[in-house]
Structure formats: C-alpha cells, structure tokens
Amino acid sequence: MSLNLGEAQAVSVRMREHAAALGARVTVAIVDSGGHLQVLDRMDGAPPLSARIAPAKASSVALFHRDGSELMGLQQAWPALFAQMDHLAGTPIMAGAGSRLIRRGDAVVGAIAVSGGMPEQDDECADVGLGSLTPTATS
C-alpha cells in the first residue's frame, strides 16, 4: 500500500511544526516510491535553494532505497560514479542529511527530505516525520 496524499500532507505539517519549534525554517519534500513529488512545503523564510534541494534528496533516497546518511557514504566512496548519476537517473541525485525512506513492511513506499536547517535539525525533523506515520508506514 502506498503513502496517500493525506498522510504525506499530515507528515509535512508535523515536520514544519517541529522545525519551527527548533527555530529552523525549512522546506519539506515527500515523494512516492518512484521518486515523484507528492508534497513540497516551504516555510516562510526558508532558504530559496532548499525548495530544490529537498526534492532532490527525497527522490534520490527513494530511487536508491537508502537513507541519506548511507547515500553520503556511497558518494564519498565513489565520487566519480555519483558525478554521473544525474545523467543516468534523469533527475538530480543528492545525498544529504534529513532524508529518509518510508516503508510499509518490506516495501519502500516513498521518502521524505528536509532542507534549510542545520544538518542535525534536518535529521531531527525527518525523524519526527517518520515517527508521525502509523507503524505500518515507517522506515
């Protein structure tokens, strides 16, 4: 079962609320299992580039079936490969903090990513987003 739009929107609200409590201004992106954007939610005052970074991080996580921290390790291990991935995937590939897979059981149903805060704030907001999902829809 995939993540529906209502669930994605509710997760985004919880992530923005948490970011506000941290004093961060972020953009939240939620994608489906194919990396296609479901929700893009930019807080007032979030860095302009965060509206491009968050969807790129989310789609990368969904396409690779790996959380952002794991992707960063792969990028560091094989920088030349990652430099070419954008061309192969047909979409920007970006590894970064604050990006997580969303699973239902063993199936990947999407991904979430946050951009605009400090890396630890992005990670914390992503974890809050995952934690707000029902147990059958988490990573």
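**Note on the salt bridges**

1. K57 and D122 are both buried, and in this predicted model the two residues form a salt bridge in which the closest N and O atoms are 3.8 Å apart. The pair links distant parts of the chain, since K57 sits in helix α2 (residues 50-64) and D122 in helix α5 (residues 119-131), 65 residues apart.

2. How many salt bridges does the count come to? The count comes to six, and the pair of K57 and D122 is one of the pairs described in this note.

3. A salt bridge also joins the side chains of E7 and R104, with a distance of 2.7 Å from N to O. Because E7 belongs to helix α1 (residues 5-22) and R104 to strand β3 (residues 99-104), this pair ties together parts that lie 97 residues apart in sequence. R104 has a relative accessibility of 12% and therefore counts as buried, given that the cut-off for buried is under 20%.

4. Are D123 and R100 buried or partly exposed? D123 has a relative accessible area of 25% and is partly exposed, whereas R100, at 12% relative accessibility, counts as buried.

Note on methods
Residues are numbered from 1 along each chain as its sequence is written. This is a predicted model: local features need pLDDT of at least 70, side-chain atom pairs count only at pLDDT 80 or more; totals for chains, interfaces and linings use all residues. Side-chain values use heavy atoms; hydrogens and water are left out. A salt bridge is a side-chain nitrogen of Lys or Arg within 4 Å of a carboxyl oxygen of Asp or Glu. Helices (H or I, at least four residues) and strands (E, at least two) are DSSP runs, numbered from the N terminus. Buried means under 20% relative accessible area, exposed over 50%, partly exposed in between (1.4 Å probe, protein chains only).
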